[in-house]
Amino acid sequence: MANRRRDIIFLLYGMAIAAAFLLLCSKSSPLYPLNDWSDTNIFFSCGKGMIKGLVIYRDLYDHKGPLLYALYALCALIDSTSFLGVFLLEILAFGLFLWSLYKLLALLEVKGSAWVLLLAAGAAILSSLSFQQGGSAEELCLPILAWSLYAVLRWQRTQAPERMSARQLIFHGILCGGVLWIKFTMLGFYGAWIGGLFVYHLFRRRVRDAFACAGWFLLGVAIATLPWVLYFGLNGAIGAWLKTYLYDNIFVYTTLETRTLSGQIKAVLLSVWAWVWENAAYTVPLLLGGVWLTVSRRVSGAEKRWVWALFGFTALGVFISGKSYVYYGLILGAFTGCALAPLGGWADKLLNGRRILTAAAALVFALCSAVFCLAASVNTPDLLKPRDETMQYKFARIVNETPNATLLNYGFMDAGFYAACNITPSVKYFHQTNVPIQEMLDEQRRYILEGVTDYVVSRDPLPSDLGGLYTLVATSDTPDFWYDAVYLYERNDLFAPV
């Protein structure tokens, strides 16, 4: 009963930390005018499309997993005019992540200092560059991987060599299926997770247990996959689903650059280095914690092998493409609990079970962590910025003068214009992704040549041979984006008197 009560307290504590730090660091927070990160806006637009009955991949093109869009659809049901729903989803996900860290710390015999360590983990991760503006697939998967990491280490300590229960295996198979249908590049973790259990039992000549582990786990993956088979099957879009999410990602998106083997290795190492260097507040403790894990006598050899295998395969899946998107590495924050454990052992000795000292340390650390978030996060310059000063809402004032207006985000990724205008995309290629598909380029040109949408927003002036049906009505500078300005065009017939 005492452990259950403590679990509930730390669950609520984790949610409180998540809410407080996300309020400062996430652009989905009500303290920001909007979340202007392309990824978050694309997910949100796709989610709103699902609510309107549009089928992902068939009617709206993007290349992340369908579960991610479904989660954003739930967010849009909460509020389709702002990112409030996304903010609440982030609180839930990061709160569960911190609770998973607490469970892992408790398993590794860290006690009172967990009150302080969760604050440190929250501030370091949420203020990091890899967090970006908030709402990434990696952020939402943090609690999933962290919980499965805790579960396999708990099994190693309390149940091995007996097989993990069927219920647990099915549950973690469902979690694996969740990751599969959010962003499959993070599946290296689960490959090592179930592969490790399989090999573990084979080495002990318990072949039946090895195959039982794999079978129950795959049943969980199948359970997580069945809703999408039904969704796309009933909508006649299984081909579009598999072609976009699997083929395009594996054979089209990943071939943007062709490298030699040595060039690929160099690109991977540079990607890893960029992640470590640009997120030092949590990557350096994470790596130092790995060193401690390797030499510590408090952790068994089997547990060390588990952690390093899971970390290594996760990192391999994340960085193998050699792309240097810094947010890719955020998912490795799932291993933060292992890095915090040595600090916890030292801090527990310092606090020596004194509750008043622990409470005082947590309070001081909470204030320091909040200040650190404000100082370290790249998002805070936009904190409390009025909406009317953003390029998205400047354009929205014009677009919303037209009842039931339609919009095309031409030649670049959705940067928040659909969200600001509260418009659900009406065309398949509603923005230009970084997947090099000629059909997407041709279709976006056709939309403009045929005047399919009322408005067009672009990052370059429309060429004379393309914009004959549209007139430029507004321009705006961009806030430190990779392009300098945006342009809003209105279809000429909208100027005609009614």
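The model is a predicted one. Thr 314 sits in helix 13, while Asn 35 lies in the loop between helix 1 and helix 2. The patch draws on helix 9 and helix 10, and the covered strand is strand 4.

**Thr 314**

- You'll find Thr 314 in helix 13, which spans residues 301–319.
- Thr 314 has a relative accessible area of 0%, so it counts as buried, the cut-off being under 20%.
- Its side chain reaches back to the backbone oxygen of Leu 310, at 2.6 Å.
- Setting aside neighbours within four places in sequence, Thr 314 is in contact with Leu 145, Gly 188, Phe 189, Ile 331, Leu 332 and Phe 335.

**Asn 35**

- The side chain of Asn 35 reaches the backbone oxygen of Gln 133 at 3.3 Å.
- Gln 133 also turns up in the contact list of Asn 35, which leaves aside neighbours within four places in sequence and includes Lys 27, Ser 28, Thr 40, Asn 41, Phe 83 and Gly 134 as well.

**The nonpolar patch**

- Leu 226, Val 229, Leu 230, Leu 234, Ile 238 and Leu 242 make a nonpolar surface patch of about 540 Å².
- Two helices each supply at least two of the patch residues: helix 9 (207–234) and helix 10 (238–252).
- Helix 9 is the biggest giver, with four residues.
- Leu 230 is one of the patch residues and is found in helix 9.
- With a relative accessible area of 47%, Leu 230 is partly exposed, because it falls between the 20% and 50% cut-offs.

- Strand 4 covers residues 485–491, and seven of its seven residues are buried.
- Ala 485, Tyr 487, Tyr 489 and Arg 491 point one way from the strand, Val 486, Leu 488 and Glu 490 point the other way, and all are buried.

Conventions: Residues numbered from 1 in each chain as written. Predicted model: local features only at pLDDT ≥ 70, side-chain atom pairs only at ≥ 80, totals over all residues. Heavy atoms only, no water. Buried < 20%, exposed > 50% of the residue type's maximum accessible area, 1.4 Å probe, protein only. Polar contact = N/O pair within 3.5 Å; in protein donor to acceptor, adjacent residues only side chain to side chain. Contact = heavy atoms within 4.5 Å. Patch = residues over 30% accessible without salt bridge, like charges linked within 9 Å, V, L, I, M, F, W, Y side chains within 5 Å. Areas by Shrake-Rupley, 256 points an atom, 1.4 Å probe, with all protein chains shown as cover. Salt bridge = Lys/Arg side-chain N within 4 Å of Asp/Glu carboxyl O.
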